[in-house]
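User: Please take me through this model with a few questions and answers. Start with a term we will need.

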Amino acid sequence: MTAALIEARVAAVAAKDVEALVAQYAEDVTLFDAVGALRDRGRDAERARLAQWFGAYRTEIGMKIRDLEVVTGGDVGFAHYIYQVEGTMTDGTEVSMWVRSTVGFRRDDDGWKIVHEHSSVPFDAATGAALTTLVPASGTAAG
């Protein structure tokens, strides 16, 4: 079920459906995103981040998930994967970049919810520049 939750994100991102994505998160989710604050907490923080992200694109946002691995045991689980984001921003900038993500899940009466999410991009230690043009060498695509 947690793999389906991650893969469902592809359609929600393409549709820029903030509420469909926010519904995947637990109320008390902890967020370590690649941009913004070092740490955010709660659905409202994720809702605001998604609205800002989606509003920065004038086109649909393409998302491809690769190398998805999910492990669950009882009522907890985690997944890690890389994903590609593509689209055109409102200023005309073309985006095509890979991001890595780790997600922690908890199952309760409402099903599986994301309780922790960490997304990042590698960086060059000498310059501090984000390495957003890296392309994965191999793997399997989903979505």
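Analyst: A polar contact is a pair of N or O atoms within 3.5 Å; within protein, one must be able to donate a hydrogen and the other to accept it. Note that this is a predicted model.

User: Which backbone oxygen does the side chain of K113 reach?

Analyst: K113 lies in strand 6, residues 111–120. Beyond its neighbours within four places in sequence, its contacts include Q24, Y25 and R43. At 2.6 Å, the side chain of K113 reaches the backbone oxygen of A23.

User: How far from K113 is the nearest side chain of opposite charge?

Analyst: K113 is buried yet has no salt bridge. A salt bridge needs a side-chain nitrogen of Lys or Arg within 4 Å of a carboxyl oxygen of Asp or Glu. The nearest side chain of opposite charge belongs to D110, and its distance is 5.7 Å.

User: What kind of aromatic pair do F105 and W112 form?

Analyst: The whole structure holds three aromatic pairs. In one of them, the ring centres of F105 and W112 are 6.4 Å apart. Both F105 and W112 are buried. Their planes stand at 85°, so the pair is edge-to-face.

User: And how do W53 and F54 pair?

Analyst: F54 counts as buried, at 5% relative accessibility. The ring centres of W53 and F54 lie 5.2 Å apart. Their planes are at 35°, so the pair is tilted.

User: What is the radius of gyration of the chain?

Analyst: The chain has four helices and seven strands. Its C-alpha trace spans about 45 × 30 × 30 Å along the principal axes. A compact globule of 143 residues would have a radius of gyration near 15 Å, and the chain agrees, at 15 Å.

Notes: Residues numbered from 1 in each chain as written. Predicted model: local features only at pLDDT ≥ 70, side-chain atom pairs only at ≥ 80, totals over all residues. Heavy atoms only, no water. Helix = DSSP H or I, 4+ residues; strand = E, 2+ residues; numbered from the N terminus. Buried < 20%, exposed > 50% of the residue type's maximum accessible area, 1.4 Å probe, protein only. Lys, Arg positive; Asp, Glu negative; His and termini not counted. Contact = heavy atoms within 4.5 Å. Phe/Tyr/Trp six-rings, centres within 6.5 Å; stacked < 30°, edge-to-face > 60°. Rg over C-alpha atoms; globule rule 2.2 N^0.38 Å.
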